[in-house]
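The following exercises concern the packing of secondary-structure elements. Please examine the sequence and the structure before reading each solution.

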Amino acid sequence: MIKAIKGFNDILPDQSAKWLHLEAILADVLGRYGYEHIRLPIVEQTDLFARAIGGATDIVEKEMYSFTDKSEPPTPLALRPEGTAGAVRAVIEHNLLRGDTPKLWYIGPMFRYERPQKGRYRQFHQLGVESFGSALPDADAELIAMTHLMWQELGLKDEMHLQLNSLGELDERHAYREALVAYLTDKQDQLDDDSKRRLTTNPLRILDSKEASTQAVLVDAPKLADFLGAESVAHFEQVQAYLTDLGISFEINPHLVRGLDYYNKTVFEWVTDKLGSQATVCAGGRYDGLIGQLKSIGGRDDKDDKKPVKSEPAVGFAMGLERLLLLMEAVAPIADVPACDVFVVAHPDVYSAGIGYAQNLRYSRADLRIKMASATSLKAQMKKADKSGAALTVIIAQQELDDHTISIKDMQTGEQKTVMQDWLLSKENFSRR
Ligand code: ATP
Ligand code: MG
């Protein structure tokens, strides 16, 4: 038997109803904020991710599914490990930023070669949201406020804790990086192996090391906050002020650096203590430099255009849907919704009349889920009706047809009676639980 690939999961009917429920709530909240939906390819040029995410990140170093297709010359391609790079590519390519400030969302599978475990898979799903064109802190606060409403609507508001930090601007971060490297180089032998390696590749990531020995060394290390310029500080304070005014509580985590290179200024994570080490459910931040950076390497060049591009700033986040569902399952389980309200059973001799009845009912009662079984014996069909979870079974045989009636069976009480054929057309007689 050929089986699915490790870390790539089937989502079976007993789970898929929950996915649809979750996605509907998220889409609804996004709509209430006026965000628009965009659908993006799953495969992009590897180079897009390498340039956008950064060469010394976990994703690009070791997690990408990349390959070449059959084109000549062969182009390195990758299954997308995240959505922001593709979204930025698309808005540049289609000129969506010209004179506009699009607020976009997308949902779908992402791929990373990681060690599969609870809450961590090789194909997983994200909701991604990107707000383009505003450099002001209200854009950051709006995204966070929107996620706050999502937790409320999902029954998770008590489970989610907001952590904030500011990474400042690139030059500020560079100055900090030098100071951090200078400080840590002397104490190299006290660092864990990963952090030692990162000292030359991606030193900021050392800050979020989980090793106690490394964290001990960091206690007296230079602080990123001390390297922020006045503008970065003011921006960060205004984000906090907006959140405070909205009644959204948060914690400043000076070690929150995020794994991707493109962030500047605000970064944030929503974490929970209910999912073990897969604690981050939603993460994001500002990335004012990414659009310009990708434009300069082969996005559409707007130099010749008469209308200048107004602004390049952007802020966004991504939410892991598997982790959200695990959390919902742990704290506020979504009730199983039966796939069927009314089961129509028809004697094989008059089965066509049964199909006609069910079809007519579906036209007139859009609120009901109506199922039939194939034209086997009445007894076999009744068995299926029992298993279906339906609240009501309609039985049609020759007698019912002659009398223009139907027999109905209340599946809860087992009580059976005969009523006129149009009985179910009225919501007053029967409606969904
Ligand atoms: P982690 O630190 O857990 O590896 P990350 O920083 O790599 O997360 P992001 O790239 O910020 O994650 O992605 C945003 C969200 O997507 C995460 O907070 C998480 O909810 C989800 N996510 C990331 N990787 C996976 C994965 N392999 N399986 C399931 N969900 C994931
Ligand atoms: Mg990761």
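**Exercise 1.** At what angle do the axes of helix H5 and helix H9 cross?

*Solution.* The model is predicted: local features need pLDDT of at least 70, side-chain atom pairs pLDDT 80 or more, while totals for chains, interfaces and linings use all residues. Residues are numbered from 1 along each chain as its sequence is written, chains are lettered from A and ligands numbered from 1 in the order in which they are written, and side-chain values use heavy atoms, without hydrogens and water.

Step 1. The axes of H5 (residues 137-154) and H9 (residues 230-245) cross at roughly 40° and come within 9 Å. Axes are lines fitted to C-alpha atoms, for helices over the stretch in contact, with angles from 0 to 180 degrees between N-to-C directions. Helices (H or I, at least four residues) and strands (E, at least two) are DSSP runs, numbered from the N terminus.

Step 2. H5 is therefore oblique to H9; oblique covers angles other than those under 35 degrees (roughly parallel), over 145 (roughly antiparallel) and 65 to 115 (roughly perpendicular).

Step 3. Residues in contact (heavy atoms within 4.5 Å) include Ala 141 and Ile 144 of H5, with Val 239 and Leu 243 of H9.

**Exercise 2.** Determine the strand order of the open sheet.

*Solution.* Step 1. The 3 strands run in the order S2-S4-S3, with antiparallel pairing; pairing requires at least two DSSP bridges between two strands.

Step 2. S2 (43-45) and S3 (66-68) each have a single partner strand, so one side of each lacks a neighbour in the sheet.

Step 3. S3 pairs with S4 (residues 76-79) over 3 bridges, and Phe 67 has Leu 77 as its bridge partner in S4.
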